[in-house]
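Subject: Structure for you to look through

Dear colleague,

Please find below the structure I promised to hand over.

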Amino acid sequence: MNKTQAGFIDIHCHLLPACDDGPADLNESLKMAARFVESGIKAVIATPHHIPGTAWAFPAEKIGKNIDRLRLAVEEEGIGLEIYGGMEIALHKNMERGLDNGVFLALADTDCYLLEPEFQGLSDDIFHAIDLFRCRQKKVILAHPERVRIFQQRPEKLVELVQDNLVQVQVNIGSLLGSFGADARKTALWLHKKNVIHYLASDAHGEQKRRPPTPALWKKLHGIVGEKLETYCIVNPGNLLYSRR
Ligand SMILES: [Fe+2]
C-alpha cells in the first residue's frame with residue numbers, strides 16, 4: 001500500500017469554504033486540505049453542490065474565484081495539495097437550460113460532469129438527463145449511485161449504462177464501509193464485483209464530520225476491494241485529470 005499512497009486523487013469532495021454544507025470558512029477548508037495530504041491524497045476536485053433554487057447554486061465564475069483563493073491560501077500554508085474545480089450537479093427540472101446556458105462547471109476543465117441523481121426518486125428523469133449531456137458531447141459521471149434507491153433496486157441498470165459507455169460511476173468510500181446503510185453497502189459491493197466502478201471518492205464535507213479519509217482507512221479499503229483500490233483512486237482519476245482540455 002505504501003508505494004501507492006503518495007498519489008491518491010479524490011474527484012468528489014466539498015472543500016470550498018461557504019459554498020454549501022461543506023466547510024464554513026477558509027480556516028476549516030485549510031484544515032481539511034491538510035487532512036487530505038496526511039492521508040496520501042495529492043489532488044482533489046472540489047465539487048460544491050449545485051442545486052438550483054436553493055442557496056447552494058453558486059455560478060461557475062464564483063466557484064472559480066473561490067478555488068483561486070483557496071489555492072493561494074493552501075500554498076501560503078505549505079500544504080501540498082493540488083485543487084481543481086467542479087460541481088456536484090443535482091438532477092433538476094431545468095437541466096437542459098443549465099446545459100445550454102453554460103451554468104454547469106465540468107470537472108477540472110474536462111468534458112466530464114458530476115451528476116447527482118435523486119436519492120429517493122424512482123422516475124426515469126436521470127436517464128433523460130444523461131441523454132441531454134450525451135447529445136451535447138459531454139460525459140457524465142454519476143455521483144454515488146449506490147446511495148440512490150432506483151439503482152439499489154435495479155443495479156443492473158447501471159451495468160447497462162456503463163457497458164453502453166453512457167456513464168462512469170463514482171462510489172463513495174463511506175458506502176463500502178457501511179456509513180450510508182446496508183443497502184448502499186450491498187449495492188457498492190455488488191457494483192465492485194460487476195466491475196462497473198470507475199472512481200472511489202471521499203465526498204468529504206468537513207474536517208471532523210464526514211472528514212477526509214484517515215491513513216488507516218486505505219488498509220481497510222484494500223481489504224475490501226484489493227488491488228482495484230489503485231484503479232479507483234489513482235489510475236482512473238489520473239486519466240481524468242490528464243484528459244483536461
Ligand atoms: Fe457530494
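A residue is called buried when its relative accessible area is under 20%, exposed when over 50%, and partly exposed in between, with a 1.4 Å probe and protein chains only. Please keep in mind that this is a predicted model, in which local features need pLDDT of at least 70 and side-chain atom pairs count only at pLDDT 80 or more, while totals for chains, interfaces and linings use all residues. Residues are numbered from 1 along each chain as its sequence is written, and side-chain values use heavy atoms, with hydrogens and water left out.

Because six of its six residues are buried, E1 is largely enclosed by the rest of the structure. It runs parallel to strand E2, residues 41–46, and four bridges join the two, where pairing requires that DSSP finds at least two bridges between strands. Within this pair, Ile-9 stands opposite Ala-43 of E2.

Next comes the iron ion, which is coordinated by His-12 (NE2), His-14 (NE2), Glu-88 (OE) and Asp-203 (OD) at 2.1 to 2.2 Å. Donors here are N, O and S atoms within 2.8 Å of the metal (3.2 Å for Na, K and Ca), and since water is not among the atoms, sites may look incomplete. Both His-12 and His-14 are buried, and along the sequence the donor residues follow the spacing H-x1-H-x73-E-x114-D.

As for the cysteines, a search of the whole structure finds zero disulfides, a disulfide being a pair of cysteine sulfur atoms within 2.5 Å. The sulfur of Cys-13 has its closest cysteine sulfur in Cys-19, 12 Å away, which is too far for a bond. Cys-13 counts as buried because its relative accessibility is 0%, and Cys-19 counts as buried because its value is 3%.

Finally, the largest nonpolar core has 65 residues, of which Leu-15 and Leu-115 touch the most other members. Such a core is a set of buried Ala, Val, Leu, Ile, Met, Phe, Trp, Tyr and Cys residues joined through side-chain atoms within 4.5 Å. Helix H5, residues 125–135, gives the largest share of this core, namely six residues.

With best wishes
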